[in-house]
Amino acid sequence: MAQLSSSLLYIAFFIYFTATILFVVSLTVKEKDGTKSNKWGKWGYILSIIGFICQLGYFITRWIAAGHAPVSNLFEFTTFFGMMMVFGFIIIYAIYRLNVLGVFAMPVALLVIAYASMFPREIEPLIPALQSNWLKIHVTTAALGEGILAISFVAGLIYLVATIDQSKGSKKTGWLEFVLYTLLSTLGFILVSIGFGTANYQASFEWVNESGNQAELVYHMPAIAGPHDGVQLTEGTFGPLFEAPAWMEGVDAPKKLNTFIWALFSGLILYLLLRLSLRKRLGAALKPLMKNINTQLVDEISYRSIAIGFPVFTLGALIFAMIWAQAAWTRFWGWDPKEVWALITFLFYAAYLHLRLARDWHGEKSAWLCVLGFVIIMFNLIAVNIVIVGLHSYA
Amino acid sequence: MDKVKCDCGHLNPYGTIICEACGKPIQEESPEKLLNMRYEGTARRSQTYNTNVVDKIWNFFSSVKVGVWLIVITLIASAIGTIFPQQMYIPPTANPAAYYEKEYGMLGEIYYILGFHNLYSSWWFVLLLGLIGVSITVASIDRGVPLFRSLRNQRVAKHDNFLKKQRMFAVSKRPEDEEQFMEEILFRLKEKRYRVRREDNSILAEKGRFSRWGPYVNHVGLIIFLLGSMLRIVPGLYLDEDMWIREGETKAIKGTDQEYYLKHDKFTFEVYDKKEERFSEALNRVQQPVPKNYQSDVTLYKADEKLPGAKPDLSEVKDYSIQVNKPLEFDGYSLYQVDYRQEMRYMHFELQNAETEEAVGSFSVDLLNPKDDFDLGDGNRVELEGYYPDFYFDKETKKPATKTNIPNNPAFIFKMFTPETPEGEVAFIGIRQNLDPSGDNQYKVAFNGIDTEFITGLTVKKDYTLPIILIGGIIFMIGVVQGLYWNHRRVWVKVKEEDVWMAAHTNKNWHGIRRELDDITVKLNMKQLVDQQEESKKA
Ligand code: HEM
């Protein structure tokens with residue numbers, strides 16, 4: 001069952017990949033009858049749905065194999081988040097039938113799923129606090145909400161690529177490049193992980209870990225950032241160039257910091273390679289793809305996906321979370337960092353809705369906010385686990 | 001102030017921008033501009049009065065700009081609170097003043113001095129939440145009341161300028177048969193689930209008006225939620241106590257005023273078995289044992305009518321296994337499994353011949369209630385001369401001493417009597433220590449095993465504010481869904497002398513209403529409605 005499950009995930013991944021290509025093609029071909037949808041886009045959409053069904057198969061078979069819902073560690077949760085992004089895309093595409101949405105949504109979902117599979121993938125047992133139906137309901141609903149909200153990021157990004165003036169460099173083009181660069185860093189992280197993983201790279205350190213015990217920390221990438229006061233155990237390996245600061249208290253924080261630095265570094269190399277071969281800003285290179293886009297519609301999609309995603313997110317990440325916390329930790333709210341960041345996400349989107357409704361923040365301002373919202377969601381998913389110790393840092 | 005009378009005869013409150021009834025713009029703006037349909041152009045208190053202090057405060061809190069700032073400040077403050085752990089998450093024995101500096105350096109010290117270590121219960125954070133509450137209330141009343149009035153008073157026939165200045169508008173050819181046209185368009189609109197009203201040659205089709213109340217409903221939910229979470233300070237509504245119970249022990253449950261008693265029958269702690277196949281890979285990677293279950297089997301008793309001073313009679317209420325995520329609930333109380341300890345309870349010894357190690361008898365010491373004297377039969381006897389449950393050697397007095405009363409590191413001074421040594425011999429026994437102070441004892445006390453005992457850590461909770469908070473949450477959810485998943489759409493049709501005017505408005509989702517109306521205009525062979533806002537942008 002576990003074997004079948006991971007095969008289904010691979011299949012889903014490749015179907016999503018194919019769907020992405022079809023969506024890209026759909027933008028480049030001339031539409032004969034002038035309608036928005038064409039057959040490339042239609043097939044892209046159909047493939048997205050088939051891929052989603054495969055991934056659902058992965059989810060169900062893994063559930064059967066594990067005996068509990070597979071949303072209990074970073075790999076499982078992040079994969080599920082990617083799946084919910086695809087689901088969010090399927091819903092929004094059904095309403096608006098805009099192919100360009102697929103060109104961005106599917107790659108971002110692919111990145112998220114690939115990122116997820118860099119974490120340990122074994123089926124893990126549940127510690128007592130996680131043995132709760134409310135936990136499953138909380139996590140799945142929260143991920144669904146975040147998946148739909150992620151579509152607003154995609155739409156916001158499309159809006160920015162399509163509208164920002166690329167004739168000369170400005171602060172805006174700079175920030176847009178930065179957003180694209182962070183996406184490349186995720187890709188870089190995946191490539192570097194696979195690369196060093198295939199080479200079976202290892203370097204170990206002796207250090208005092210986050211719970212104050214002497215322990216060994218094994219790096220699978222060359223150590224740029226070593227553990228604080230760590231002693232190198234392997235000979236002839238590279239680095240470390242400096243030590244991770246002592247206040248990073250997540251589980252194995254120095255290793256995660258090191259991985260993060262590699263991600264930024266490899267992203268930079270990818271970015272520079274692309275930039276040199278294209279001889280223009282990435283935003284400028286993407287812009288021609290967007291020439292037939294109805295930006296007003298894209299703007300509305302970005303708002304609509306927040307309007308749909310916000311209640312789902314609130315229900316899952318706050319209300320169901322509180323119900324679970326009341327049973328598991330005796331209090332519905334404990335100001336645990338992950339909880340606080342869910343609240344921050346909630347407040348952020350609430351502010352967005354008010355700015356849009358009452359202060360007419362449409363178009364570009366609104367699009368930047370959509371991007372920022374996704375940054376907050378990803379921060380909660382990635383950084384909070386690395387830097388901060390809390391009840392949720394179980395993975 | 002005086003009411004404003006519109007040409008149509010309707011009396012509008014002072015400050016009205018668009019007549020509530022016929023929609024004629026009262027304060028005529030430049031002729032080309034689209035009407036600002038926000039809150040239907042009603043007279044909002046905050047937009048009308050600004051003279052005295054009350055007005056100024058009202059206007060301050062009713063401003064969305066202020067509201068968003070309050071939200072953003074709360075958001076940033078919350079984020080700062082997660083940079084370093086809050087005080088409740090640092091070791092309880094640590095002194096926070098020193099802890100933050102030691103662990104996080106100068107930044108930690110600043111963090112502590114500014115009070116961020118206790119951010120979420122600080123006065124200013126609570127004040128921020130309070131201000132948000134006030135702002136929500138004021139802003140909602142300022143807009144909700146006039147909006148309600150205006151939507152209730154609206155008439156079917158609207159002023160020409162009202163129609164012309166809608167964002168979606170078109171003028172079509174006058175149909176040959178007016179009656180037939182009216183019937184057909186009414187039918188099409190009903191088909192799209194509009195509620196239609198007709199007055200002579202005018203139509204008002206409307207749907208989803210209830211979604212306009214969504215924000216007000218969700219704001220009410222938020223206020224209930226906020227008030228509910230503050231109610232905790234009212235005595236009697238909230239109880240939070242910790243208690244420890246040993247296996248076999250019966251204790252009055254804290255906070256129940258001796259009404260309920262709990263007996264702890266048995267504690268279970270289980271870890272996952274590495275041999276369990278589906279988890280074996282993960283269990284081998286993490287190496288450490290992974291806990292599977294913490295469980296206290298308990299019996300709940302209720303005390304019958306108790307006489308002052310007398311021991312109460314207990315009658316059994318129920319047996320239950322408290323686990324993490326499965327609290328025991330009764331009479332408004334919940335008992336949670338939160339912690340456990342394992343303590344040494346009985347230590348077993350043998351009295352042996354020092355040379356041959358031949359046993360002459362054995363005895364057990366109850367580490368919580370040690371006896372002084374152990375009769376081993378045949379004239380053999382051991383006296384407990386000194387007991388140090390948590391032993392250390394005091395360097396100043398040069399004597400053994402104990403740190404606490406908890407048997408963490410028990411040590412004993414025994415005096416051994418046998419028929420051969422009637423004077424008695426002294427031995428000092430501790431964990432992995434067995435001293436013979438005189439050096440020529442004929443007998444010794446040898447360690448012969450230990451019994452441990454579980455003590456479960458439970459939290460007693462009673463929280464009568466929870467239902468209020470939950471209701472607040474449910475109302476909030478209803479409100480957001482109502483406001484965000486539906487929208488308020490209106491279509492006006494007016495058959496005039498030469499042509500037919502059609503205008504439409506929605507509070508959101510213009511894409512949706514456009515698709516809906518395109519469908520109708522195509523079927524009726526009318527002009528497609530034009531989005532005048534987009535047109536003006538293009539121009
Ligand atoms: C965390 C706190 C808050 C939440 C979660 C919240 C939630 C919402 C939501 C979901 C909407 C509907 C938005 C839409 O339809 O796009 C809304 C509308 C609104 N909110 Fe809030 N709100 C909050 C605080 C505030 C505050 C502090 C103010 C004070 C100025 C305020 C004033 C308004 C106004 C004026 C509307 C529009 C009402 C209408 O159009 O009829 N809200 N709110």
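Trainee: What makes a residue pair across the interface of chain B and chain A count as a polar contact, and how many are there?
Mentor: The model is a predicted one, and 17 residue pairs in polar contact, both at pLDDT 80 or more, are found across the interface of chain B and chain A. The cut-off is a pair of N or O atoms within 3.5 Å, one able to donate a hydrogen and the other to accept it. The side of chain B that touches chain A comprises 32 nonpolar, eleven polar and 13 charged residues.

Trainee: How many salt bridges are counted between chain B and chain A?
Mentor: The count is zero. A salt bridge would need a side-chain nitrogen of Lys or Arg within 4 Å of a carboxyl oxygen of Asp or Glu.

Trainee: What is the extent of the interface between chain B and chain A, in residues and in buried area?
Mentor: In chain B, 56 residues are in contact with 62 residues of chain A. The two chains bury about 5,100 Å² between them, 64% of it on carbon and sulfur atoms. On the side of chain B, the residues that lose the most area to chain A are T82(B), N325(B) and H511(B), together 12% of what that side buries.

Trainee: Why is the link between R209(B) and E206(B) called a salt bridge?
Mentor: Their side chains meet at 2.8 Å, N to O. The limit is 4 Å, so the pair qualifies as a salt bridge. Between domain 2 and domain 3 of chain B the count is one salt bridge, alongside four residue pairs in polar contact, both at pLDDT 80 or more. On the side of domain 2 of chain B that touches domain 3, the residues divide into no nonpolar, three polar and four charged.

Trainee: How much area do domain 2 and domain 3 of chain B bury between them?
Mentor: They bury about 570 Å², 35% of it on carbon and sulfur atoms. In domain 2 of chain B, N487(B), H488(B) and K508(B) lose the most area to domain 3, together 59% of what that side buries.

Trainee: Why is D299(A) called buried?
Mentor: Its relative accessible area is 9%.

Trainee: What makes D299(A) and R356(A) a polar contact?
Mentor: The contact joining their side chains is 3.0 Å, and the limit is 3.5 Å. Leaving aside neighbours within four places in sequence, D299(A) is also in contact with other residues, including Y159(A) and H362(A).

Terms used:
Residues numbered from 1 in each chain as written. Chains lettered and ligands numbered in written order. Predicted model: local features only at pLDDT ≥ 70, side-chain atom pairs only at ≥ 80, totals over all residues. Heavy atoms only, no water. Buried < 20%, exposed > 50% of the residue type's maximum accessible area, 1.4 Å probe, protein only. Contact = heavy atoms within 4.5 Å. Buried area = accessible area lost by both parts, 1.4 Å probe. Nonpolar A, V, L, I, M, F, W, Y, C, P; charged D, E, K, R; others polar.
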